[in-house]
Amino acid sequence: MKLIDIARVIRSKNAGPTTLTLDLLFNDEAGYQLALQSPALQPAAIAPLYGLRADQVELIPYPPAIAIKIAMDRTIVAGNPGDRDVYGAQQHTPLLELDL
Amino acid sequence: MIAIEKLRAEVTTANVLSPLRVLSASGQLGYGVPETAFNEGVKRKPHFIGCDMGSIDPGPYYLGSGQIATSDAQTRGDLTTVLRGARSIDVPLIIGTAGCAGASPHLDTVLAMVRDIAREEGLHFKLASIRADMPRDAVKRAIRSGKVRPLGAIPALTESDVDASTQLVGQMGIEAFQRALNAGADVVIAGRACDTAVYAAIPGMLGYPLGPAMHMAKIVECASLCTTPGGRDALLGTLDAQGNGSFIVDSMNPIRNASPMSVAAHSLYEQGDPYRVYEPEGTLHVDTARYEQLDVHRCCISGARWEPATQFTVKIEGAAKVGERALMLAGCADPRAIAAMKEILPAVEKTVRELTAKTVTEKFEVYHRVYGIDGVFNWPSPPATMPREVFVMVEIIAQTAAAAKSVATVFKQFLLHHGFPGRISTGGNLAFPFTPPEVVTGPAYRFSAYHVMEANDLPALFPVSVESL
């Protein structure tokens, strides 16, 4: 099962210039539970996709919207020289094809 | 009677508060206010109108340079719309984070526009402005006494970061807005401010419970973004003080429906922590919030809690100039050059540094991005198959624009003609859609501060001044 098959929104955005957040909004409770229990979404699995250590990534379940938030350190402060994505709005792509 | 006292009299009957209607005109004033929805909102007779102008999202340039992020013409148009609307029903208008970044140059630009509009439109009112520039000495003292800490992945703040910052602002909370309103303001234009403070200041001073008031502020500050489909239309929040307090969200565009799911999901947006919102005067906890569908269009929310802070804190934001930026822009369609591009660029940089050693004596930085391969995301490995075309952007940051442009120009020529193993297209490695392909883009900035500072005297940090127009 791929994440893209059970999520209706997979988005990224800064939460301030030092933090990147990924929001995963699911179609239904079953998909949410499946994703929540998948090792592929745990910080230890997500961190290497973003060049980070596991302790720089936090997974936060958010039942009111059957959603998962993943908050992580930005490797470069937003908009500083060398950055590639000031708003952080295009950093979701490694998750699209993620196998759960 | 000043505006806030008039409002107090209007919503209070025998010590009981009636529902307070709050119109959010825009989450980003200056990019266009959809007029149909805004006018519908004004017809609902809100007790006050709020708009946010600010964000740190667009990066350090706007803060550092003092330039507003929105166009002059659109900003003036939006300000005219909301000023006319608020004055037509004689209610307070609260605008947060003037000019995107909210330092004095941004605030002064917006205040000048407001004075012009008032004169042209024949509007008369008391205008309060609140500055958010942090006193450098106070910040340095706080650094020395260990009262400043980083927000996320940024080094500890140093006194030299403070000195290097061209602008250094703090995010004001409800206290500053309340002081402006108590000084008799009809219109408040604030420098850097918490988005929530724009909408929670008035409910707070009238005695509405701060948990639901802050939660409402957090939801309505993006206008109709919390609905399905999300949009920029004005949103009406109605805050009820009964029980533990609750609020209703109601988009002023009938096609944008608020549901428990759409409003709850909005709490995730651009927040590192969906359960807590940290403000200068306390913390909003939304983990206990309840979302209920009222009808197909509206949603009712209750249950959020406000925890007052034992120590006031202020988020501080600074930007420092790093140099002048020039770009070299080109495309490439040769498969061999594309396959070798990640090796070609550092090799050309080495050549360029040698060639310019005598002509460009200052230090400069070079950043290359190959769109099609790794321009957007820092992929750990190259793609399985190379793209048919790529776009190459070479960025030079030097101390002067002339030096940056000089390096970009030399880089262009040597990238065009660089020889690499297996090259068969010896006419040139690049396609330029036009010339010159070198562009000078102006000063480049970095965030020098994104920290939180303990503060005891908030009024000293956010001074209010009032004028009569």
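Student: At roughly what angle do the axes of helix H4 (residues 72-88) and helix H5 (residues 104-121) of chain B cross?
Tutor: Happy to start there, and keep in mind that this is a predicted model. Two packed helices are described by the angle between their axes and the distance between the axes. Here the axes of H4(B) and H5(B) come within 10 Å. They cross at roughly 55°.

Student: Which word describes how H4(B) lies relative to H5(B)?
Tutor: Take the crossing angle of roughly 55°. Angles under 35 degrees count as roughly parallel and 65 to 115 as roughly perpendicular, so an angle between those ranges gets another name. The crossing of H4(B) and H5(B) is also right-handed. The angle makes H4(B) oblique to H5(B).

Student: What is the handedness of the crossing where H8(B) passes H9(B)?
Tutor: Let's find the pair first: helix H8 spans residues 174-182 and helix H9 residues 195-206, both in chain B. Their axes are 8 Å apart and the packing angle is about 60°, which makes H8(B) oblique to H9(B). As for its handedness, the crossing of H8(B) past H9(B) is right-handed.

Student: Which element gives the largest share of the lining of the second largest pocket?
Tutor: This pocket has a volume of about 450 Å³. Of its 24 lining residues, those closest to the centre include A:Gly79, A:Val86 and B:Arg325. In chain B, the elements that give two or more residues include helix H3 (60-65), strand S17 (313-332) and strand S20 (438-454). The largest share, four residues, comes from S20(B).

Student: How many residues in the lining of the second largest pocket are nonpolar?
Tutor: The lining draws at least three residues from each of domain 1 (3-132 + 171-310) and domain 2 (321-447) of chain B. Sorted by class, the lining has five polar and six charged residues. The nonpolar residues in this lining number 13.

Student: What is omega for the cis peptide bond that joins B:Thr435 and B:Pro436?
Tutor: Most peptide bonds are trans. A cis bond joins B:Thr228 and B:Pro229, with omega about -10°, and B:Pro229 sits in the loop between helix H10 (210-220) and strand S10 (235-240) of chain B. B:Pro436 lies in the loop between helix H13 (401-416) and S20 of chain B. For the cis bond from B:Thr435 to B:Pro436, omega is about -5°.

Student: What value is phi of B:Ala14 near?
Tutor: Most residues other than glycine have a negative phi. B:Ala14 belongs to the loop between strand S1 (12-13) and strand S2 (16-17) of chain B. Its phi is positive, near 45°.

Methods:
Residues are numbered from 1 along each chain as its sequence is written. Chains are lettered from A and ligands numbered from 1 in the order in which they are written. This is a predicted model: local features need pLDDT of at least 70, side-chain atom pairs count only at pLDDT 80 or more; totals for chains, interfaces and linings use all residues. Side-chain values use heavy atoms; hydrogens and water are left out. On a 1 Å grid over the protein atoms alone, a cavity is a set of points where a 1.4 Å probe fits but cannot get out, and a pocket is an open set with protein on both sides within 12 Å along at least five of seven lines; lining residues have an atom within 4 Å of a point. Grid points are joined across faces, edges and corners, and a volume is the space filled by probe spheres set on the points. Ala, Val, Leu, Ile, Met, Phe, Trp, Tyr, Cys and Pro count as nonpolar, Asp, Glu, Lys and Arg as charged, and the others, Gly among them, as polar. Domain bounds come from an automatic or database domain assignment. Axes are lines fitted to C-alpha atoms, for helices over the stretch in contact, and angles run from 0 to 180 degrees between N-to-C directions. Angles under 35 degrees count as roughly parallel, over 145 as roughly antiparallel, 65 to 115 as roughly perpendicular and the rest as oblique. A crossing is left-handed if the near helix is turned anticlockwise from the far one by less than a right angle, and right-handed if clockwise.
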